[in-house]
Amino acid sequence: MSSLGIVLLLVIWQLAGFLKLLPKYILPTPLEIVQAFVRDRELLWQHSLFTLQTALMGLSLGVVIACVLALVMDRFGWVNEMLYPILVIIQTIPTIALAPILVLWLGYGILPKIVLIILTTTFPIIVNILDGFRQCDADTLRLFQLMGAKPWQVLWHFKIPNALPYFYAGLRVSVSYAFITTVVSEWLGGFEGLGVYMIQSKKLFQYDTMFAIIIWISVISLLAMKLVQMSEKWVIKWKPTTK
């Protein structure tokens, strides 16, 4: 039924454009967007590679930093009390507001983009890992202590496995954030990337290309989230599957 609804929507959309009910500068038809994909496929691929590289670099660093911070914040309460409010404040600042500041400080290269991705992707992972640690069974923790387990043994054998599903929940959010943030940062400065290509298309009034880029970014994000889901099933083999 969902596929039928999508097909029906596309048909209505195409008919509205064919009957001139929607001007091209407001909403190009699906056929025009597909033609833009075919026409500009080489440029789309070229800019996609740069955006993918930037997003994956920033996301990888963000995941590592988030995991380290979550471990430190769980181990030392005073670090958690000091850092958590700062992380919340940073998270409330709109990405579009942080981007020009980072460009001003760090230039128009790849560095401000990676820093911005790190700032937006670390928070969901940290929060979810800490929630996973807090959801650990108190009786099991007490059993580890009675058996004389060291803190690193409790962490490795119990707390980390318990927090892995929470980690992946945060990672799925961070993956989508990574690509959105990359494109936003490319709007404000740079020479390559889908965000730069989108601004160039806007200036040339190529609205079909703009919509093609938007759809392509969504496809990339969905594929990345699917890869995260697949890796979750491979890593967390003990997690029950739900239909």
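**Burial, salt bridges and core packing in an all-helix model**

Glu232 is buried, with a relative accessible area of 7% (buried, under 20%; exposed, over 50%; partly exposed, in between; 1.4 Å probe, protein chains only). The structure is a predicted model, in which local features need pLDDT of at least 70 and side-chain atom pairs count only at pLDDT 80 or more, while totals for chains, interfaces and linings use all residues. Residues are numbered from 1 along each chain as its sequence is written, and side-chain values use heavy atoms, with hydrogens and water left out.

Glu232 forms a salt bridge with Arg172, with 2.6 Å between the closest N and O atoms (salt bridge: a side-chain nitrogen of Lys or Arg within 4 Å of a carboxyl oxygen of Asp or Glu). Glu232 belongs to helix H10 (residues 207–235) and Arg172 to helix H8 (residues 151–187), so the pair ties together parts that are 60 residues apart in sequence. Helices (H or I, at least four residues) and strands (E, at least two) are DSSP runs, numbered from the N terminus. In contrast to the buried Glu232, Arg172 counts as partly exposed, at 28% relative accessibility.

The structure holds six salt bridges in total. One of them joins Arg142 to Asp139, whose closest N and O atoms are 2.9 Å apart. Both residues lie in helix H7 (residues 138–146), at a spacing of three residues, about one turn of the helix. An α-helix has 3.6 residues a turn, so residues three or four places apart point the same way. Arg142 is partly exposed, with 43% relative accessibility, and Asp139 is exposed, with a relative accessible area of 52%. A further bridge connects the side chains of Arg39 and Asp40, at 3.2 Å from N to O. Asp40 is buried, at 11% relative accessible area, whereas Arg39 is partly exposed at 48%. Salt bridges link Arg39, Asp40 and Asp208 in a network.

The protein chain has 10 helices and zero strands. Its C-alpha trace spans about 75 × 50 × 30 Å along the principal axes. Of its 243 residues, 38% count as buried. Among contacts with a separation of 6 or more, 71% are between residues 24 or more positions apart, a contact being heavy atoms within 4.5 Å. The accessible surface of the chain comes to about 15,000 Å², of which carbon and sulfur atoms make up 72%; areas come from the Shrake-Rupley method with a 1.4 Å probe, and for residues only the protein chains shown count as cover. The chain carries 18 positive and 12 negative charges, and their mean positions are 3 Å apart. Lys and Arg count as positive and Asp and Glu as negative, with His and the chain ends not counted; each charge is placed at NZ of Lys, CZ of Arg, CG of Asp or CD of Glu.

The largest nonpolar core has 36 residues, and those with the most contacts inside it are Ile125, Phe167, Leu171, Val175 and Ile213. Helix H3 (41–75), helix H4 (77–92), helix H6 (111–134), H8, helix H9 (194–203) and H10 each supply at least two residues of this core, and H8 gives the most, with nine residues. A nonpolar core is a set of buried Ala, Val, Leu, Ile, Met, Phe, Trp, Tyr and Cys residues joined through side-chain atoms within 4.5 Å. Residues up to four places away in sequence aside, Ile213 touches Leu44, Leu194, Tyr197, Met198 and Ser201.

In H9, Leu194, Gly195, Val196, Tyr197, Met198 and Ser201 are buried. The cover over the buried residues of this helix includes H3, H8 and H10. H9 is followed by Phe205, which is found in the loop between H9 and H10. The phi of Phe205 is near 60°, a positive value in a residue other than glycine. Most residues other than glycine have a negative phi. Phe205 is exposed, at 60% relative accessibility.

Phe123 lies in helix H6 and is buried, at 17% relative accessibility. Apart from neighbours within four places in sequence, Phe123 is in contact with Tyr84, Leu87, Val88 and Gln91. Phe123 and Ser174 are 51 residues apart in sequence, and their C-alpha atoms are 8.4 Å apart in space.
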